[in-house]
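Trainee: I am new to this structure. Please show me how to read its features one at a time.

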Amino acid sequence: VFARSEGRGVIAVVTSCSAAGWGQYGERFYDSFVEHWPAEVHLHIVSEDALFANDGALMANVSYWRLDHPFLDRHASDLRAQGKVQLEGDYGWTKNKIAAGYNFRLDAFRFAKKVFAIDAVAKRLEGEGGRLFWVDADVVTFAPVPLEMLERLLPEDAALSCLDRGDDYHPECGFVGYNLAHAAALALRRAERRHLLVAAGDGRQRRQRAGRDARGNGRNLSR
């Protein structure tokens, strides 16, 4: 059951972290959320690890969901999809990144957890409309959060709200609002999933498999 403030629709928050992250910062995030956020706002904690014994409600406005996605299984040992191996045609490998052996822009495995967490909760809220806010699990809330502030941050006619940092740098994505009733927000979520597949090389692998299948069929037909 998701709380709905009269005239507002659902307002929910989603976050995600690993078991290690939960111990380092997640519990502090959780405690400060319970203390300062309105009871009408439902928090969804999503993790690839077992943070709690069971999925479902932890308290009236907090739920935990285990993230289980084939993408994560498929790339658990894929160094290229984790931004640790450069293949021909990969972009963004500066001298510093090559020296460090890591390119965060190509770490699809790490950032996939955020995308799939948002998507999983958004799907649970489909048909409810309202607003879903992603908040990084290392965020600490120090003062009460009014519902009216969340509405101002994401007006009904806007698809998305984020902390912009100008044209010369990418937005700060530790706090992002999705208007679940807006078609453009759905289109963005789809684009994020497609981008992950490209960044992880899934498209390349599928094309290679298709090419091998086609060549194999050709040889068979020629016999």
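Mentor: Helices (H or I, at least four residues) and strands (E, at least two) are DSSP runs, numbered from the N terminus. The expected span of a helix is 1.5 Å times one less than its number of residues. This is a predicted model, where local features need pLDDT of at least 70, side-chain atom pairs count only at pLDDT 80 or more, and totals for chains, interfaces and linings use all residues. Residues are numbered from 1 along each chain as its sequence is written, and side-chain values use heavy atoms, with hydrogens and water left out.

Trainee: What span should helix H1 have, and how far apart are its end C-alpha atoms?

Mentor: H1 covers residues 19–36, so its 18 residues should span 26 Å; the end C-alpha atoms are 24 Å apart, which agrees.

Trainee: Where is the kink in H1 centred?

Mentor: The bend at a residue is the angle between axes fitted to the seven residues ending there and the seven starting there. In H1 a kink of about 60 degrees is centred on Tyr25.

Trainee: How many disulfides are there?

Mentor: A disulfide is a covalent bond between the sulfur atoms of two cysteines. The search counts a pair of cysteine sulfur atoms within 2.5 Å, and over the whole structure it finds zero. Cys162 is in no disulfide, its nearest cysteine sulfur being that of Cys173, 6.2 Å away.

Trainee: Is Cys17 buried or exposed?

Mentor: Buried means under 20% relative accessible area, exposed over 50%, and partly exposed in between (1.4 Å probe, protein chains only). Cys17 counts as buried because its relative accessibility is 5%. Cys162, at 33%, is partly exposed.
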